[in-house]
Amino acid sequence: MTDKISERIPSAERREQILGAAGRVFGERGYFGATTDQIAKAAGISQPYVVRMFGGKENLFVEVLGRALDTLLVAFTETIAEWNAQGRPAAGSISERKEISRRLGLTYVNLIEDRGILLSLMQAFGMGHDPVIGGKAREGFISIYRMLREDAGFEADDARSFLAEGMLLNTLLGLRLPDEYGDDPCATELLESTFRTKLQLVLDTTGADA
């Protein structure tokens with residue numbers, strides 16, 4: 001796509017197009033392995049255009065991270081709002097927490113359809129040493145924890161367990177463990193116990209079932 005053609009696309013749409021492509025490239029190649037040229041090619045836009053819009057790779061990654069966190073927080077907010085609208089259907093505080101944990105877990109797995117979101121989060125969480133990216137990642141991680149504690153009503157241990165399982169999910173995706181499904185018994189067992197009813201979605205999305 002040439003710059004002249006891309007300029008006919010509304011700015012917000014162009015921005016989302018680039019961020020979506022950047023999320024996938026960063027997720028697959030990591031921050032240091034990805035280049036703005038690779039991202040531009042994935043988005044069908046020239047590399048100078050990407051740089052003009054975002055000002056360089058670090059700024060672009062921070063925008064990708066912000067997009068991923070916003071998507072996650074909005075999805076969780078909607079799930080919690082739906083649960084509240086239904087009167088928090090489950091008797092007793094422990095069973096209530098288990099039910100909302102189950103619903104939020106399904107919401108999180110559903111985000112795998114945009115692989116760039118979860119993999120970009122994992123890349124960012126591994127860059128705590130970076131003064132810019134690390135600060136943004138810490139802020140986002142605490143925002144998720146705060147939402148679990150204050151909006152979903154999790155106890156501290158429940159929130160910790162939920163976040164730990166989410167990081168396991170990201171790790172399995174980052175390792176491309178779904179590629180081993182059906183071939184390695186241990187990998188198969190771990191994937192089935194982690195993703196449960198959403199396993200087929202994971203296999204379809206990652207292409208592991210092809």
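How many cavities of 30 Å³ or more does the count come to? The count comes to one cavity of 30 Å³ or more, where a cavity is a set of points, on a 1 Å grid over the protein atoms alone, at which a 1.4 Å probe fits but cannot get out. The model is predicted, so that local features need pLDDT of at least 70 and side-chain atom pairs count only at pLDDT 80 or more, while totals for chains, interfaces and linings use all residues. Residues are numbered from 1 along each chain as its sequence is written, and side-chain values use heavy atoms, with hydrogens and water left out.

**Empty spaces**

Rolling a probe the size of a water molecule over the atoms shows where empty space is left. A pocket, unlike a cavity, is an open set of points with protein on both sides within 12 Å along at least five of seven lines, and lining residues have an atom within 4 Å of a point. Grid points are joined across faces, edges and corners, and a volume is the space filled by probe spheres set on the points.

The largest cavity has a volume of about 100 Å³, and its lining includes L72, F76, Y108, F162 and N170. The elements that give two or more residues to this lining are α5 (57–85), α7 (115–125), α8 (133–150) and α9, and α9 provides the largest share, five residues. Helices here are DSSP runs (H or I, at least four residues), numbered from the N terminus. By class, the lining of the largest cavity divides into ten nonpolar, two polar and no charged residues; Ala, Val, Leu, Ile, Met, Phe, Trp, Tyr, Cys and Pro count as nonpolar, Asp, Glu, Lys and Arg as charged, and the others, Gly among them, as polar.

The largest pocket has a volume of about 570 Å³ and is lined by 20 residues, of which S101, R102, G105, L106 and E165 lie nearest its centre. Two or more lining residues come from each of α6 (93–110), α9 (156–174) and α10 (185–195), with α6 giving the most, nine residues. The lining of the largest pocket has seven nonpolar, six polar and seven charged residues.

**Helix packing**

Two packed helices are described by the angle between their axes and the distance between the axes. Axes are lines fitted to C-alpha atoms over the stretch in contact, and angles run from 0 to 180 degrees between N-to-C directions.

| Helix pair | Angle | Axis distance |
|---|---|---|
| α2 and α4 | about 110° | 11 Å |
| α5 and α8 | roughly 0° | within 10 Å |

The helices α2 and α4 are therefore roughly perpendicular (65 to 115 degrees), and their contact (heavy atoms within 4.5 Å) involves residues including I18 of α2 and F54 of α4. The helices α5 and α8 are roughly parallel (under 35 degrees), and their contact has twelve nonpolar, four polar and one charged residues.

**Two buried residues**

I117 lies in helix α7 and is buried (under 20% relative accessible area, with a 1.4 Å probe and protein chains only), at a relative accessible area of 3%. Leaving aside neighbours within four places in sequence, I117 is in contact with R67, A68 and T71.

F154 is found in the loop between α8 and α9 and is buried, with a relative accessible area of 2%. The C-alpha atoms of F154 and E96 are separated by 9.4 Å, although these residues are 58 residues apart along the chain.

Notes. Angles under 35 degrees count as roughly parallel, over 145 as roughly antiparallel, 65 to 115 as roughly perpendicular and the rest as oblique. Buried means under 20% relative accessible area, exposed over 50%, partly exposed in between (1.4 Å probe, protein chains only).
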